[in-house]
Amino acid sequence: MHTDGIRTDASADVLRITGLTRRYGRVVANDDISLRVRAGEVVGLLGHNGAGKTTLVSQVVGLLKPDAGEIRVGSADAVRNPGSARRHVALQPQAHAPIDGLTPRAAIEIAARLRGLSSRDARAVAVDLAAELDIGPWLDQRALPEGGGLSGGIRRLTGFAMAVAAPTPLLILDEPTNDIDASRRRLLWDAVRRRGDLGSGVLLVTHNVAEAERIVDELVILDRGRLVADGSPARLRGTQDSDLRLELQLPPEGVDPSEEGLGLPVLRRVRTGRRTLLTVAASEAAAAVSWATAHHAEGRIEGFSLAPARLEDAYLALTEPSVPVSDAPGVATTTPQAAPTSEEASHV
Ligand SMILES: Nc1ncnc2c1ncn2[C@@H]1O[C@H](COP(=O)(O)OP(=O)(O)OP(=O)(O)O)[C@@H](O)[C@H]1O
């Protein structure tokens, strides 16, 4: 790798946000949000569409002024002095980088030169990043207007490469995996983790909870402008590592037979569309499978699967307006056991 690590105090905050509030008219897009990113740490910022993620990022990089609150990037005050804060930040925005007329090689080299690398180092960085992200075959293919020349995925990966062309104390990635195929997404996640391991603090905005879980140190979950939970994936998962998730595919009419109870304790229930996710203890695996098999045979569910409980279950429980849990026999609790930081967190 050509990208050297950056020297920072391992425990230093590269981003500290306190009491951040931003309104658009009556919409409170960020409501009293506090979070930190330390050097070497990858922090995932999760939330549904409209949760307030991009609004937060835009304030960190000085594109929007907060109504209240503080943002410090390293020791710089990003609200009063956005120019000095920006020198410590690289951003991959949600929108594609404007590279029409350029090849990925030229775009990455330009980004590296703008960050102060020599032309020789910039050339080497472009080659290294193309190998790391497996975009070599497109390195000299020109992007054309209206999405021509390069696919959305290759444009997105080029945008990532431009953001990381030179190491910065803080790296902000806004939905970096959009449009990217599964195998290159894996390379990209590894590349994001590597930037943390090399010393950057990374703020990663994503919808992809299941994949992000693998590489983040901390997570912050926003819901309608408010921070509803934060902590490590294990803490937010809030279940024993041995807990299982029983996923039910419901029939088209959407009637959920598990609402009548399974005859075994259900630690958490989340309903999303025609799916119900039930968290059960590993010791109940046989009983859960036998219940699901019988209901499948009767046509009351279309299918089911049993797998280790995942962060996605807790995330959905924190952010979905899910059905109230019945008092049906056997349903022990529905309150997420993650450590929510506000009352909204327990709306399940
Ligand atoms: N320029 C704007 N004018 C008015 N309202 C806005 C503006 N930008 C965002 N909003 C509103 O602020 C809220 C937060 O939007 P934001 O784009 O920050 O969410 P997000 O979490 O980034 O969503 P997505 O995942 O869809 O990108 C939403 O209710 C949105 O409609």
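Which residues does Val 60 touch, not counting those up to four places away in sequence? They are Leu 15, Ile 71, Val 73, Ala 78, Val 89 and Ile 172, where touching means contact, with C-beta atoms, placed from the backbone, within 7 Å of each other.

## Ground rules

This is a predicted model, so local features need pLDDT of at least 70 and side-chain atom pairs count only at pLDDT 80 or more, while totals for chains, interfaces and linings use all residues. Residues are numbered from 1 along each chain as its sequence is written.

## The overall layout

Let's start with the big picture. The protein chain has 348 residues, and 44% of them are buried. Buried here means 20 or more other C-beta atoms within 10 Å of the residue's own; exposed means 12 or fewer, and partly exposed is in between, with C-beta atoms placed from the backbone. The secondary structure comes to 10 helices and 14 strands; these are DSSP runs numbered from the N terminus, with helices being H or I of at least four residues and strands E of at least two.

Among contacts with a separation of 6 or more, 71% link residues 24 or more positions apart.

## The nonpolar core

Back to Val 60: along with Ile 108, Ile 172 and Leu 204, Val 60 touches the most other members of the largest nonpolar core, which has 93 residues. This core draws at least three residues from each of domain 1 and domain 2. A core of this kind is a set of buried Ala, Val, Leu, Ile, Met, Phe, Trp, Tyr and Cys residues joined through C-beta atoms within 7 Å.

β7 has parallel pairings with β6 (residues 89–92), over 4 bridges, and with β8 (residues 201–206), over 5 bridges. Pairing takes at least two DSSP bridges between the strands. Leu 91 has Ile 172 as its bridge partner in β7, and Leu 171 has Val 202 as its partner in β8.

Strand β9 (residues 218–223) pairs with β10 in the antiparallel sense over 5 bridges, and Val 220 stands opposite Asp 230. In β10 (residues 226–231), 5 of the 6 residues are buried, so this strand too is largely enclosed by the rest of the structure.

The hairpin has 2 residues between its strands, and Arg 224 takes a positive phi near 45° there. Arg 224 is partly exposed, with 16 other C-beta atoms within 10 Å. Asp 134 also has a positive phi, near 60°, and is found in the loop between α4 (119–133) and α5 (152–163). Asp 134 is partly exposed, with 14 other C-beta atoms within 10 Å.

## Around the ligand

The residues around the ligand include Tyr 24, Asn 49, Lys 53, Thr 54 and Thr 55, the cut-off being a C-beta atom, placed from the backbone, within 6 Å of the ligand. β2 (27–38) and α1 (53–60) are the elements that give two or more residues to this shell, and α1 supplies the largest share, 3 residues.

By class, the shell has 4 nonpolar, 6 polar and 1 charged residues. Here Ala, Val, Leu, Ile, Met, Phe, Trp, Tyr, Cys and Pro count as nonpolar, Asp, Glu, Lys and Arg as charged, and the others, Gly among them, as polar.

Methods
Domain bounds come from an automatic or database domain assignment. Two residues are in contact if their C-beta atoms, placed from the backbone, lie within 7 Å.
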